[in-house]
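Please look through the sequence and the model shown here before reading on. The report below takes up a few parts of it in turn.

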Amino acid sequence: MRENLLSLTIDELSRRHPAFADFLASTDATGSKPGRTLEAWLAGLTDDRLSQVGMDRDQIRSHLEALVRRVDALRAAPHATIRSLTILGGRDKSGRAETLTLVLKAGEVLCIVGPTGSGKSRLLADIECLAQGDTPSGRRVLIDDAPPAPGWRQSSERKLVAQLSQNMNFVVDLSVGAFVAMHADCRMVPDRGERVRDVIACANDLAGEPFSAQVSLTQLSGGQTRALMIADIALLSASPVVLIDEIENAGIDRKRALDLLIAKEKIVVISTHDPILALMGGRRVVIRNGAITDIIETSAPERANIAALERIDRGLIALRHRLRCGQRIDAPLAWAEELGKV
Amino acid sequence: MRIITVAGPPSVGKTAIILKTAKVLDRPGQTVGIVKFDALATADDDLYRHAGLPVVVGLSGSVCPDHFFVSNIDDCLRWGRDQSVDILIVESAGLCNRCSPHIQGALAVCVVDNLSGIHTPRKIGPMLKLADIVVVTKGDIVSQAEREVFAFNVRLANPRAAILFVNGITGQGASELSDHMQEAPHIDSLEGRRLRFPMPSAVCPYCIGETVIGRDHQRGNVRKMTFGRIPA
């Protein structure tokens with residue numbers, strides 16, 4: 001393999017993957033004859049040039065060899081899929097046993113409820129790091145009924161869990177289209193242009209206010225930001241598990257967002273006190289004093305109530321829209337009057 | 001004694017991560033000691049001391065922090081041995097991105113943060129490119145997509161390193177980092193060992209206090225900019 005790589009020309013290596021082109025450009029190799037072999041180029045590097053690259057010849061060679069292996073591995077890696085995630089109980093904050101075996105299947109939505117400080121974030125964190133009895137809760141997480149292979153915990157390419165929280169923002173100074181394309185390149189998807197259009201169209205579908213591929217990421221509203229994050233996680237992220245922390249009032253169509261993630265066979269775990277989101281989940285776990293104390297199946301009457309909650313929600317959205325358009329809210333709010341009688 | 005060098009640009013959270021990791025490693029029968037290198041001032045030794053860890057501080061002042069580091073690192077090992085330290089974590093600030101503090105045979109960690117910009121990994125020199133472990137911090141405040149792009153760029157900049165995500169505030173990920181540190185090679189003396197890459201160099205009148213600007217003073221190891229062809 002070593003002989004092989006060294007006998008490639010600068011041009012051949014550059015075309016192999018943008019990563020090599022980038023590396024060669026950063027070392028000024030593209031300024032030399034494209035027909036030169038890597039070996040000849042390496043031999044011709046001056047000490048001054050090597051100092052600027054920040055590696056000696058052997059280090060550059062082993063760097064490029066490692067890069068070849070990584071790029072090949074990324075290309076060959078199938079989409080990570082898992083059938084189930086199992087949470088085995090640990091102990092609560094007082095050290096009492098948490099008797100629990102909770103199995104989550106692909107395409108399932110689980111909600112987590114409980115007062116502030118009860119341990120909702122700890123549960124999300126245990127899933128995120130695939131706890132093996134080595135976190136304060138003592139919980140263990142199984143993948144497909146077995147302890148996760150070490151690669152799952154260590155590997156940066158194969159992250160099991162994608163996360164979305166109210167605290168997250170886009171910080172990079174790029175347009176929506178350019179950034180999603182960059183993410184698509186990292187995922188090495190073959191149909192990049194199409195995938196980028198899909199993500200942006202999908203995000204527009206979820207957000208109340210439309211936005212284009214040309215707008216800057218940092219200019220998006222809160223709702224547009226959440227919508228784009230969800231669309232990106234659903235359509236571009238390889239992670240089969242999605243953890244969502246408190247995204248109520250995000251100004252997005254929550255039902256469609258969840259449906260999208262479910263359709264992609266993700267396991268979705270949401271920490272929320274939003275009644276619509278909580279009832280949309282198939283089950284919700286109740287956390288007290290650091291442990292899961294109850295698992296509530298969403299009942300038929302609860303499901304029936306989603307429609308009423310959505311009417312209230314639509315009423316509020318309509319009011320927001322009126323305010324945004326500079327209108328008054330002076331008509332009687334019949335639907336809210338009814339609520340007052342409850 | 002196990003030796004670990006931890007380097008990274010200012011304010012990425014090196015100290016926070018070392019504190020969280022040391023908390024996992026420090027236990028009866030295994031003492032963790034800290035060497036903190038900085039340029040002008042630091043109060044981080046208080047944080048380490050407060051955590052019950054033996055700590056020594058080295059301030060480079062007017063000398064290149066990297067050169068100061070390499071001139072003192074073996075003495076730091078001696079200090080560690082005198083303190084009966086089992087795991088010595090040496091924290092140094094990577095002030096110019098060209099820093100190159102990693103030592104052959106010693107576990108080398110580079111810390112970078114998600115807020116520094118997605119192209120940053122390729123702009124950092126030997127400190128990141130030749131590290132064994134790259135720790136990425138501040139993942140809780142940027143989007144999942146940016147985290148993935150950032151990690152991918154770290155991967156391209158250093159295809160050999162293990163990439164770990166650690167949260168300096170909650171300590172999430174510190175136990176994985178401690179697993180690696182727990183396995184760092186034993187080293188008793190650095191005498192005769194080599195750095196992984198030469199440090200940034202400058203031997204010129206300005207190194208020894210010259211302040212006048214002008215061609216006459218640009219002697220020794222001087223590099224001039226090129227401006228391309230100027231149209232006639």
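How many of the 14 residues of α11(A) are buried? Twelve of them are, so α11(A) is largely enclosed by the rest of the structure. Here a residue is buried if 20 or more other C-beta atoms lie within 10 Å of its own, exposed if 12 or fewer, and partly exposed in between, with C-beta atoms placed from the backbone.

This is a predicted model, in which local features need pLDDT of at least 70 and side-chain atom pairs count only at pLDDT 80 or more, while totals for chains, interfaces and linings use all residues. Residues are numbered from 1 along each chain as its sequence is written, and chains are lettered from A and ligands numbered from 1 in the order in which they are written.

**Helix α11 of chain A**

Helix α11 of chain A covers residues 222-235 and reaches 20 Å from its first C-alpha to its last. That is close to the expected 20 Å, the expected span being 1.5 Å times one less than the number of residues. Helices (H or I, at least four residues) and strands (E, at least two) are DSSP runs, numbered from the N terminus. Among the buried residues of α11(A) are Gln224(A), Arg226(A), Asp232(A) and Leu235(A). The buried residues pack against several elements of chain A, including β5 (161-165) and α12 (254-263), and also against α6 (144-157) of chain B.

**Where the chains meet**

Chain B has 30 residues in contact with 33 residues of chain A; contact means that the C-beta atoms, placed from the backbone, lie within 7 Å. On the side of chain B that touches chain A, α6(B) gives the most, with nine residues. The table sorts that side by class.

| Class (members) | Residues on the side of chain B |
|---|---|
| Nonpolar (Ala, Val, Leu, Ile, Met, Phe, Trp, Tyr, Cys, Pro) | 16 residues |
| Polar (the others, Gly among them) | six residues |

**A sheet in chain A**

Three strands of chain A form an open antiparallel sheet in the order β2-β1-β4. Two strands pair if DSSP finds at least two bridges between them. β2 (101-105) and β4 (140-143) of chain A stand at the edges with a single partner strand each, so one side of each has no neighbour in the sheet. Strand β1 (residues 84-88) of chain A pairs with β2(A) over five bridges, and Leu85(A) stands opposite Leu104(A) in β2(A).

**Cys64 of chain B**

Cys64(B) is in the loop between β3 (55-59) and α3 (65-82) of chain B. With 18 other C-beta atoms within 10 Å, Cys64(B) is partly exposed.

Terms used:
Two residues are in contact if their C-beta atoms, placed from the backbone, lie within 7 Å.
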